[in-house]
Structure formats: C-alpha cells, structure tokens
Amino acid sequence: MIVQTVPVSHYLTTNAYFYVDEKSGKGVLIDPAAEAEHLLQIIRENNWKIEKILLTHGHFDHIGAVQQIADTLRVSYFIHIKGKQYLSSPQFNLSGMTPKPIILEQAQYLEDGEMVGWNDDKSAGLRVIYTPGHTQDSVVYYDKDNNIAFVGDTIFKDSYGATHFPGGDFVQLMNSIKNKVLTLPDNTVLYSGHSEPTTVGLEKNNF
Ligand SMILES: [Zn+2]
C-alpha cells in the first residue's frame, strides 16, 4: 500500500492522506481538508482510482475540500454516525468561525468495528475504531495487515487532540487513546491530522 501525505492549508495546515493499493491503483482519500484542485491533480497524475473519501471527524479543518472532490470524482464520503451533528452544524464543525461556513449533507455513516475498503467484498481495507474524546465522532481507520492507522486528531506525535471544542471530553479522549489506540501492536504507524507520523510503541512512553 502507498501512503501519500499531502499537507493542505486553509487557516490551519492539515495532513490529507491518500491510501492506495499500488497494484490496482484503487484506494481512499482521508481528510481532504482543503486545496481540492491540488488533491485532484495528484489523483490525475498518478492515475489513481479513489473509491471513497473517509473522514476521521467532522472539524472544518478536515472537511473543506470534501464536497468539491466528492462531486468531481462522484464518490461518497464517510464519517462516524455521530458525525452527522458536526457536518450539519457550523457551530460544531467550527467553520462558523470562518467566512465560509460548511454544511455537508450527503455523508454515509460508519459504526465502530465496521470495515471500509475498496474491494467490493470488503476483504481488504480499513477497520473503523471509534475513539471519541477530541470530538464525539472521532474514529481511527486501522489496517491490521499493514500495521497502519490513520488517527485524525485523537493522538499526535508526542501530543494529543484538544478537548475544549463542542463535544470534546478529556477523560473520554484518554480512555480512547489508552484502550483503543495504544492497545494496537507496537509497530503500528500512526498517521495524524497535524503531526509527523509516530508509532504505538513510541507513544506508549507518553501515557
Ligand atoms: Zn479536530
């Protein structure tokens, strides 16, 4: 699998991730936060077939390019079921603080433990691990076979997500990190929304 990190900016810089099977060119785009044209150009240049947009949570700095990319590629975007409240509310997704409030109404919803993949039989792909705390809709997308997890803003290299926004809960976040993230194998690489990659083994030293 190919992991391509693309830092994109709109007020904040966020890591968007392409996760693509090098053989078939099929894959997913995680957190297209901004710069839709830039992300679309990367897809065209690589001749990738992006099948789905996956969101780690519904904050404005992770969802800014979703609508344009979904419309252009004609693909669906997915978020945890609790993301409905965030995508429908500029107050919850924090885009109300910007001149351009964001409302996304066509998401498909995911539940804890579900598999999201790019093969029709869902035999390969990413497992949804529900990790509330930074927000009520935060999830980790975990590929057990390749020891990779996309963790959004739940945990960063040497840090963790903020909990002072609507729906944030510090105790819940610590529980999610300790019981859902740091229980993955030590060699699991964690790709976050706003830091360099880290690993479960390294982050165990911080909690
Ligand atoms: Zn966030």
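Biologist: How do the residues of the lining of the largest pocket divide into nonpolar, polar and charged?
Modeller: This is a predicted model, to start with. The lining of the largest pocket has 9 nonpolar, 6 polar and 2 charged residues.

Biologist: How much space lies in the largest pocket?
Modeller: About 320 Å³.

Biologist: Which residues lie nearest its centre?
Modeller: Ile-63, Gly-64, Ala-65, Lys-100 and Ile-102, out of 17 lining residues. Strand S1 (2-10) and helix H3 (66-73) each give the lining at least two residues.

Biologist: New topic. How many salt bridges does the count come to?
Modeller: The count is 3. One joins the side chains of Lys-204 and Asp-186, at 2.6 Å from N to O. Lys-204 sits in the segment after helix H7 (200-203) and Asp-186 in the loop between helix H6 (170-181) and strand S13 (189-192), so the pair ties together parts 18 residues apart in sequence.

Biologist: And what does Glu-37 meet in a salt bridge?
Modeller: The side chain of Arg-44, at 4.0 Å from N to O. Arg-44 is exposed, at 54% relative accessible area. Glu-37 is partly exposed, at 46%.

Biologist: Which side chain meets Lys-49 in a salt bridge?
Modeller: That of Glu-51, at 3.9 Å from N to O. Lys-49 is partly exposed at 48% relative accessible area, and Glu-51 is partly exposed at 25%.

Biologist: Now the surface. Which residues make the nonpolar patch?
Modeller: Tyr-160, Phe-170 and Val-171 make a patch of about 290 Å². Tyr-160 is in strand S12 (residues 159-160). Tyr-160 is partly exposed, with a relative accessible area of 37%.

Terms used: Residues are numbered from 1 along each chain as its sequence is written. This is a predicted model: local features need pLDDT of at least 70, side-chain atom pairs count only at pLDDT 80 or more; totals for chains, interfaces and linings use all residues. Side-chain values use heavy atoms; hydrogens and water are left out. Patches are made of residues with over 30% relative accessible area and no salt bridge: like charges are joined within 9 Å, nonpolar side chains (Val, Leu, Ile, Met, Phe, Trp, Tyr) within 5 Å. Accessible areas come from the Shrake-Rupley method with a 1.4 Å probe; for residues, only the protein chains shown count as cover. Helices (H or I, at least four residues) and strands (E, at least two) are DSSP runs, numbered from the N terminus. Buried means under 20% relative accessible area, exposed over 50%, partly exposed in between (1.4 Å probe, protein chains only). On a 1 Å grid over the protein atoms alone, a cavity is a set of points where a 1.4 Å probe fits but cannot get out, and a pocket is an open set with protein on both sides within 12 Å along at least five of seven lines; lining residues have an atom within 4 Å of a point. Grid points are joined across faces, edges and corners, and a volume is the space filled by probe spheres set on the points. Ala, Val, Leu, Ile, Met, Phe, Trp, Tyr, Cys and Pro count as nonpolar, Asp, Glu, Lys and Arg as charged, and the others, Gly among them, as polar.
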